[in-house]
Amino acid sequence: MSLALPARGLLFDSDGVLVDSDASVLASWSRWARAYSLDPDEVAATVHGRRSADTVRLLIPSDLRAEALTAIDAFELEDAAQVTAIPGAAELLTSLPHGSWTVVTSATRALAVARLEAAGLPVPSVLVTADDVTDGKPHPEGYLSAAAALGIPIEHTVVLEDSTSGVEAARRAGTGAVVGVSERALPTDADVVVPDLRSLRWSGGGLLAAGDRLRPVTASAPAHGR
């Protein structure tokens, strides 16, 4: 079973798509939650696909937000060494033409780079992070900025995402197609969902999803982690 997705460029989310940061995220946000007398499980359920600043704004009174944001940014950088690559990520990225891909992430620039480097993955020349946008996902700003920076019309790109907010951002931006990665993406309206990046390869004219690991969107699963 295979599916061809024509594209001139690929726009990747990072956490859950290129890197497995779940353990790192859980450790950091649990430590942070306890420091602010919050329930770690409830906090962990809110952070996936969202900028740290947006989570802090949601959970912390205004007079403590600056301090709380500094704290979680420090915790996440400290825990970045735990991050590993999603299976198939290195192989797919190294097969792509120069200037044909980028990362659009809700992490800060420092954290995004730290996680990619910890996972042994290349850092793209174009990198759109929480520091570079006014509005985070599900707002389309990040994906529109990334396509513009690559010089590729957004409709000629394919986005790879794992979160509901990320898929919504990609759809609102007008991307040509969305590939969901992992069971976390099953509740979304991604065009196809794969367990990891081993099912994907660059064909020259776009992305080819092939093999018996390929799963179309036919089920639902609860979102979890970040």
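The following questions and answers concern a predicted model.

Visitor: How is the model numbered, and which pLDDT limits apply?
Guide: Residues are numbered from 1 along each chain as its sequence is written, and side-chain values use heavy atoms, with hydrogens and water left out. As the model is predicted, totals for chains, interfaces and linings use all residues, while local features need pLDDT of at least 70 and side-chain atom pairs count only at pLDDT 80 or more.

Visitor: Which residues have the most contacts inside the largest nonpolar core?
Guide: A nonpolar core is a set of buried Ala, Val, Leu, Ile, Met, Phe, Trp, Tyr and Cys residues joined through side-chain atoms within 4.5 Å. Buried means under 20% relative accessible area, exposed over 50%, and partly exposed in between, with a 1.4 Å probe and protein chains only. The largest such core has 31 residues, and those with the most contacts inside it are Leu10, Phe12, Leu18 and Leu197.

Visitor: Which elements give two or more residues to this core?
Guide: Helices (H or I, at least four residues) and strands (E, at least two) are DSSP runs, numbered from the N terminus. The elements giving two or more residues to the core are helix H5 (89-95) and the strands S2 (9-12), S5 (101-104), S7 (157-161), S8 (177-181), S9 (192-194), S10 (200-202) and S11 (206-210).

Visitor: What is the geometry of the ring pair Phe12 and Trp101?
Guide: Rings of Phe, Tyr and Trp (its six-membered ring) pair if their centres lie within 6.5 Å; planes under 30 degrees apart count as stacked, over 60 as edge-to-face and the rest as tilted. Both Phe12 and Trp101 are buried. Phe12 lies in strand S2 and Trp101 in strand S5, so the pair ties together parts that are 89 residues apart in sequence. The ring centres are 6.0 Å apart and the planes stand at 90°, so the pair is edge-to-face.

Visitor: Which residues form a cluster linked by ring pairs?
Guide: Trp29 and Trp32 are three residues apart in helix H1, and are therefore separated by about one helical turn. Their ring centres lie 5.0 Å apart with planes at 70°, so this pair is edge-to-face. Trp29 is buried at 1% relative accessible area, and Trp32 is buried at 0%. The cluster linked by ring pairs consists of Trp29, Trp32 and Tyr36.

Visitor: Within what arc do the buried residues of H4 fall?
Guide: The buried residues of H4 are Ala68, Ala71, Ile72, Phe75, Glu76 and Asp79, whereas Ala66, Thr70 and Glu78 on the other side are exposed. The arc is taken from the directions from the helix axis to the C-beta atoms. Seen down the axis of H4, the buried residues line one face of the helix, because they fall within an arc of 125°.

Visitor: What covers the buried residues of H4?
Guide: Contact means heavy atoms within 4.5 Å. The buried residues of H3 (52-59) pack against H1 (22-35) and H4 (65-79). The cover over the buried residues of H4 includes H1, H3 and helix H6 (109-118).

Visitor: Is Ser182, with its positive phi, buried or exposed?
Guide: Ser182 has a phi near 85°, a positive value in a residue other than glycine. Ser182 is found in the loop between S8 and S9. At 18% relative accessibility, Ser182 counts as buried.

Visitor: Which peptide bond is cis?
Guide: Pro138 lies in the loop between strand S6 (127-128) and helix H7 (141-150). With omega near 15°, the cis peptide bond is the one from Lys137 to Pro138.
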